[in-house]
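Biologist: Please show me the chain before we discuss it.

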Amino acid sequence: MKLISICPSNTELIVYLGLTASLIGVDNFSDWPEEINRLPRLGPDLEIDMDKVEDLKPDLVLASLSVPGMERNIKELKKRNIPYEIVPNPQTLQEVGDCLLFVGKVTKTYDKAKQLYEKFTQILTYYDSLSHRVDTKKTLYWEWWAKPIFTPGAGNWLTEVSRLAGGQNVFEDQAEASVQTSWEDVKLRNPDVICVVWVGVHKNKVNPKVILKRPGWDQMNAVQHNQLYILDEPLYCRPSPRLLNGLAQIAHLLHPDIYPIYNNGNDILMNS
């Protein structure tokens, strides 16, 4: 089966199912694993070059509606009669696991998907059990973007990641998946930990000094206790099983006495 993925999380789902060799093209933002760098690039996920997609003659395109504007891709796929499936847009970690089953079904790898799904669920259960050993939960502020500030609310998986890691998202009182806020509001919430995961920006390009210069932020618990972390954005901002690696990473940073160490580059779903 010749597969095309037009968003990074779908590419990662395909890889987990052992179908990397079936990929014949990907969007510009897909960057894991390294083997996919040899593949034709089809444009950014909101501006897919459908002429290139059509020329590749895929058996199936895995599309998404996770970002406003992606509906244009669906309209064009339908217009050109290119076979496609829309992978559901998950809001919780369990729904990410459900996406494994969905992609397994449409790619005829359901048995493999079911095995991974069961392992995925076991890992979530394990981290949930560890979270109950945490006596004092740390409050976390997640920063998706800086100007204007966007942060996840209750409707996003990072609130769940926070809980499973022995913490609490300081914006979990906001029902939305994505909340626009201000530097002053963050300061008033006074988080114990600041987690910077600017969407689409490699962590090496984030200058922590810029964040620390914000008015009044030097008074926050996180800054005073040196709890500012610039994290690997793909492990936190994409709805794929790699979120488990992000969970493992932040959990150990918060409570190293309770949670196992995370070895950077290791994939706990594939290797645990």
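Modeller: Some questions and answers on this chain follow.
This is a predicted model, in which local features need pLDDT of at least 70 and side-chain atom pairs count only at pLDDT 80 or more, while totals for chains, interfaces and linings use all residues. Residues are numbered from 1 along each chain as its sequence is written, and side-chain values use heavy atoms, with hydrogens and water left out.

Biologist: What radius of gyration does the chain have?

Modeller: The radius is taken over C-alpha atoms, and the globule rule is 2.2 Å times the number of residues to the power 0.38. For 272 residues, a compact globule would have a radius near 19 Å. The chain agrees with this, at 19 Å.

Biologist: Are Glu-12 and Arg-238 buried or exposed?

Modeller: Their side chains meet in a salt bridge of 2.7 Å, N to O (a side-chain nitrogen of Lys or Arg within 4 Å of a carboxyl oxygen of Asp or Glu). Glu-12 lies in helix H1 and Arg-238 in the loop between helix H10 and helix H11, 226 residues apart. Helices are DSSP runs of H or I with at least four residues, numbered from the N terminus. With buried meaning under 20% relative accessible area, exposed over 50% and partly exposed in between (1.4 Å probe, protein chains only), both Glu-12 and Arg-238 are buried.

Biologist: Which residue forms a salt bridge with Lys-187?

Modeller: Lys-187 is partly exposed, at 23% relative accessibility. The closest N and O atoms are 3.4 Å apart, and the partner is Glu-184.

Notes: Helix = DSSP H or I, 4+ residues; strand = E, 2+ residues; numbered from the N terminus.
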